[in-house]
Each structure stands twice: as structure tokens, then as C-alpha cells.
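Q: I would like to learn how to read the features of a model like this one. Can we start with the surface and work inward?

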Amino acid sequence: MRFIASLIACVSALFVTGTATAQNLDTQITGRAPVPTRDPENLWYLDLSTGGRVVIWLRPDAAPKMVDRVKELTRQHFYDGLAFHRVIDGFMAQGGDPKGDGTSGSTLPDMKAEFNFLPHVRGAVSAARTADNEDSANSQFFIVFQPRLTLDHKYTVFGRVIEGMDYVDAIQRGEPPANPTKILHAYIGSDNPPPYTAPPPAPVVAAPTLSLTDAPAAPLVVKVPAAGAKKPAPKAPAAKAPAPKAKAK
């Protein structure tokens, strides 16, 4: 009985420790002040063309340089109108490229890597870079659909979606998508952004109709047979199949 009680106590302790570890994934780095989740200076708003506003909690305690870069570009309206050009179902949605093909960035210099303790879990926002250069992050970023912990310490996580993940899930898929989702506007929370406004519906182009009164009159053409020309002989109707013969008895 004592053994069973001890076993239960050990399992309970492991459960509590595991829970605490899971909750501490977003704790601050030693020596840096914690970042409140509702500090408007560290809230990044993305208004999407496919509907809704996504709110991202920026983490200057984990990636201060990348967060500063995102704030600077956002306040320059750099991200307004840019598309999510690479969207892989079950993996991530990538955007922030002015060319829309994943080959470009802003005119600012590339960033040094800031690999940190934040994991690539669902809703994590991370800096995109070239595969052969860890210090090539610039303006592009990606939002993770499903956990991809193999990317930890290889890409710089600088934020996490805290509202509107359902709108992220609705981003159009494709590499590139046929009709890509775009960032209508990006804002920093402390800049007093206006409420989300849905984009106007695309105009419906009706097929042109032509009424009888609008249709031009067809010219009357009368064919006159040439002199001496014979009228074509009328064709005989197709011959009927012969009646079946009666069989001899």
C-alpha cells in the first residue's frame, strides 16, 4: 500500500513538473524584463484580405533586433498589400516579400540570427531566411500552423499569435496560391490602429447583353443565279429498305 501511495506521489510530481515546464515555454530570458502580453507597443496587428485581424505578441525579450525591424517596417507601411506567397498546409504561411516570390526583402540590411528558447509551436511567428545563411533574415516571416520543433534554434522566433488564429488557418494555400491572401494593413498596437475593416467585395462584371433594338440590322443579300445557270435538280428522297421477303413454307 505504501508502495502504491509513493508511486502515485511520484507520478503526480512528474505531472506537475511537466505542466510547469509547458507553462514556462514563454518565460523571459534571464536578465531581461518579462514582456506583458497586452503591452500595446509589442502587439502586431495584421488585417487580412480573407477576413479578420490577427494579433501577434512580439517578444523583444527573445529577439529584440527582429522585433525592432518589424516595428520599423510596419510603421513605414512596408507590409501593407503584401501577399502570403508560400503557404503549405499543416506547416506554415510565409509572407513579407515585396516581390511575392520569396526572393527579396526590404532595403534595410539583413539581420543577425537571434536563435532563442521560444519553440516553433502552433501560432509561432518566425523570421524567414535563406537555407545557406543563418544571418539573412530581413522582412520575411512565417506563421506556424502545426508544431515544427525541428526548426528550433535554426530560425528566429520573435512572436506568437494570441488572437485570430482561425484567420491564419484560412490563409489561401499554394506555392504560390492561385488567389493569395494579402495583408491589407499592418499596425503596431501603440499607434492606435483603427478597427478592422473588411475589404470591399470584388465588382461583379456582368456579361454584355445585346437587345434586338441595339443589334445592327443584317444586310439583305439576294443571290441572283448567273445567266444560263441551271437550277440544281431536286434530290430524291432516300431509298427505302426493301421489304423483307416471306420465307417459303
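This is a predicted model: local features need pLDDT of at least 70, side-chain atom pairs count only at pLDDT 80 or more; totals for chains, interfaces and linings use all residues.

Q: What share of the residues counts as buried?
A: The chain has 249 residues, and 35% of them count as buried.

Q: How many helices and strands does the chain have, and in what order do the elements run?
A: The chain holds three helices and eight strands. Read from the N terminus, the order is α-β-β-α-β-β-β-β-β-α-β.

Q: What part of the contacts with a separation of 6 or more joins residues 24 or more positions apart?
A: Such pairs make up 73% of those contacts in the chain.

Q: Let us take a single residue. Is Thr156 buried or exposed?
A: The cut-off for buried is under 20% relative accessible area. Thr156 has 6% relative accessibility, so Thr156 counts as buried. Thr156 sits in the loop between β6 (141–144) and β7 (157–163).

Q: Which residues does Thr156 contact, leaving aside neighbours within four places in sequence?
A: Thr156 is in contact with Ala63, with Ala113, Glu114, Phe115 and Asn116, and with Val125, Ser126 and Ala127.

Q: Where is His153, and what is its phi?
A: His153 belongs to the loop between β6 and β7. Its phi is positive, about 65°, although His153 is not a glycine. His153 counts as exposed because its relative accessibility is 51%, and the cut-off for exposed is over 50%.

Q: What is the phi of Asn192?
A: Asn192 has a positive phi near 55° and is likewise a residue other than glycine. Asn192 lies in the segment after β8. With 67% relative accessibility, Asn192 counts as exposed.

Q: Is the peptide bond from Glu175 to Pro176 cis or trans?
A: The bond from Glu175 to Pro176 is cis, and its omega is near 0°. Pro176 is placed in the loop between α3 (165–169) and β8 (183–188).

Q: What is the volume of the largest pocket, and which residues are closest to its centre?
A: The largest pocket has a volume of about 300 Å³. It is lined by 20 residues, of which Gln94, Gly102, Thr103, Ser104 and Gln140 are the closest to the centre.

Q: How does the lining of the largest pocket divide by class?
A: The lining has 12 polar, five charged and three nonpolar residues.

Conventions: Residues are numbered from 1 along each chain as its sequence is written. Side-chain values use heavy atoms; hydrogens and water are left out. Helices (H or I, at least four residues) and strands (E, at least two) are DSSP runs, numbered from the N terminus. Buried means under 20% relative accessible area, exposed over 50%, partly exposed in between (1.4 Å probe, protein chains only). Contact means heavy atoms within 4.5 Å. On a 1 Å grid over the protein atoms alone, a cavity is a set of points where a 1.4 Å probe fits but cannot get out, and a pocket is an open set with protein on both sides within 12 Å along at least five of seven lines; lining residues have an atom within 4 Å of a point. Grid points are joined across faces, edges and corners, and a volume is the space filled by probe spheres set on the points. Ala, Val, Leu, Ile, Met, Phe, Trp, Tyr, Cys and Pro count as nonpolar, Asp, Glu, Lys and Arg as charged, and the others, Gly among them, as polar.
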